[in-house]
Amino acid sequence: MIMREKLSLNLKNTSRRSQSLGLGLSAALAACFLASPVLAASDGDAIVGKIPRVAGGKPDFSGIWQTTSAADQGLEPHEARKGAPPSAGIVDGDVIPYTPAALEKKKKNYEARAKDDPRLKCWTLGTPRGIYYPEPFQIFQRTQDLTLVFEFGDSVRTIHTDGTLHPVDTDNEFWLGDSRGHWEGDTLVVDVRDFNDQTWLSRVGDFHDEALHVVERWKLIDANTIDYKATIEDPKVYSRPWNIEVYLYRHREKNFQLIENYCYTLDYDQYYPIPKPQ
Amino acid sequence: MTTTVSVQNRARWGVAAFVLALAPVIAPAQEYEPAPATTAASTAAPAAKRRPPGGIGYETSFPEIKSGKWTGKRLPDGQPDVAGDWSNTIGNHDNFTDPQGGIPGDPAPAARTRKLGPREERAPSRVSDPADGEIPYQPWARAKQQEFAVGFFNAVKPEYIEPLARCAPSGIPKSFFWHGYEIRQYPGYVVFLFGSGWRIIHLDGKPHLPANIKLWNGDSRGHWEGNTLVVDVSNNNSKARFSRTGDFASENVHIVERYIFSADNKRYNYVATFTDPTVYTRPFTVTVPSRRWTLNDPKNDWHFPVVAANSPGKEAIPDHVERICVENNGGFGQLAVQAKKN
């Protein structure tokens, strides 16, 4: 029930956003002029109030974040299913532009999702799924990089912001991709390439191939909310690039922390009883 | 000898990372690099100079580092700046109390280790207290450790298979002598990124997690005392063995770690006290000598699993390959999956 309440709140905000973008934007921009030393980038929602900044003025994404959306239950709009709340989706235009052959594969994935979803084996979720998966992740930020530590499966992703480029050799086939970021105003833009084909994008079988290329746009729209956008392309699977957008909320509960979740060990935990005197 | 790792090596390292990750399952031999002969070990020169950092265990002795003031550079939040890449200097997890002595009971020791010289020419036990270098097990626990050690080469029960071989985290203290690792620091945190899992050391004084939550790497609270990071570890599930010699604690273990950094910021000694009245007769101390690695060091995929980033026209910057034990992503039967894929 709590989940559903949060979800409806989120949807309400989303629809209000799109309906009154013009008015809201100018009002928020005015607020931004007053409160923020750096003008908000033109894309995405405008910044409301003060956002945390690191020395040097860049936005400070440090913190523990989590979506309240049902994106992992399906990126496209969907009705309620058993065990899954309904969602208006996070895909711009509602539909993922699968090629006909890829759409067939997606349907097969959907049918086999109770067995084949990598999440069920606690495999690394990948990019962008780890971002909107409903389990917290923590961002640690330095000038030269951002480190994303995901509670689920304890994977770690580094976004390099030191001006380094993607590796010359791009056949490493990483689970999380190779992430190189740069700043455009207050927006962190991250180019992610060099994936393997082992991850899914949701638990209903949305998938990609090794040609996956993700461009993320990270932006704090207030002190405790990140507007996360990503453009996803993979000519082997989609007929054109497509976009998603989801909000990430800061965990502010007292003493909240990541709790390691090496869930892939759960299947063999039973074989490691703590020795006791006979 | 080249001093930097070429960019072209990146793809190969990607493969090597997978091989290393699987090494405990396939053949420990792949992980134990041959070290130079031990005959020079009796000279009086400092250990680090006697042996170039080529193999895994390349020192037979190491300096004590005293706790004291920190005189080196600091981060803006006041922490001593110890970020970077580190690795132990005396050996891997084959043998806890005789780090260069090979795995006890190894049916094919010659294939895995160099010819052993006398005990006194090898690195000392990681148990620095008590003086005999042995873990002070209660009798039943000693028997269990020896059962595990025998079982390592004859895994007739699932619990004889080292959890690390299934990509479980190395835990404490094994993470400090299983491949090189990275320290990243932030206001309020010291973060360890190991080859098998991470640890977040909280410096903000928040209380430990509730006692019924047990974790592979425990729950860590730390603070700095001069040149020393002091960390209190509780909530340990103690499923990770210390070594291939079957050494263990129980989930009642309480660990106090002291990471004592040298003034030149090139070395630190990990000195940790283990207290567990349900397994040991008294607390004991573990010491693991460690040193910093940079791109100026000779290539070494075990200690320093990095490549030079693609940064044309700039100084060499280390790039860390994605830290994923590929077997995580295959569960049991990964070897068969791999074979099918190849």
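# A guided tour of chains A and B

Begin by selecting B:Ile103, which lies in the loop between strand S1 (84–88) and helix H3 (109–112) of chain B. Helices (H or I, at least four residues) and strands (E, at least two) are DSSP runs, numbered from the N terminus. The model is predicted: local features need pLDDT of at least 70 and side-chain atom pairs count only at pLDDT 80 or more, while totals for chains, interfaces and linings use all residues. Residues are numbered from 1 along each chain as its sequence is written, and chains are lettered from A and ligands numbered from 1 in the order in which they are written.

Is B:Ile103 buried or exposed? B:Ile103 counts as buried because it has 22 C-beta neighbours inside 10 Å. The cut-offs are these: a residue is buried if 20 or more other C-beta atoms lie within 10 Å of its own, exposed if 12 or fewer, and partly exposed in between, with C-beta atoms placed from the backbone.

Two residues are in contact if their C-beta atoms, placed from the backbone, lie within 7 Å. Among contacts in chain B between residues at least 6 apart in sequence, 59% join residues at least 24 apart.

Select H4(B) next. The 14 residues of this helix should span 20 Å at 1.5 Å a residue, and its end C-alpha atoms, 20 Å apart, agree with that; the expected span is 1.5 Å times one less than the number of residues. Which residues of H4(B) are buried? They are B:Ala141, B:Gln145, B:Phe148, B:Ala149 and B:Phe152. Seen down the axis of H4(B), the buried residues fall within an arc of 100 degrees, so they line one face of the helix. The arc is that of the directions from the helix axis to the C-beta atoms.

Turn to the contact between the chains, which takes 48 residues from chain B and 43 residues from chain A. The elements of chain B that give two or more residues to its side are helix H1 (9–26), helix H4 (139–152), strand S3 (181–186), strand S4 (189–194) and strand S5 (197–202). S5(B) gives the most, with four residues.

Move to chain A, where nine strands close into a barrel in the order S1-S2-S3-S4-S5-S6-S7-S8-S9, with mixed pairing. Two strands pair if DSSP finds at least two bridges between them.

Continue to strand S3 (residues 145–150) of chain A, where five of the six residues are buried. S2(A) and S3(A) run antiparallel, joined by five bridges, and a hairpin connects them through three residues. Select A:Ile139, which stands opposite A:Leu148 in S3(A).

Finish at strand S4 (residues 156–160) of chain A, which pairs with S3(A) in the antiparallel sense over five bridges. The bridge partner of A:Leu148 in S4(A) is A:Arg157. Five residues lie between S3(A) and S4(A) in their hairpin, and A:Gly153 in the turn has a positive phi of about 75 degrees.
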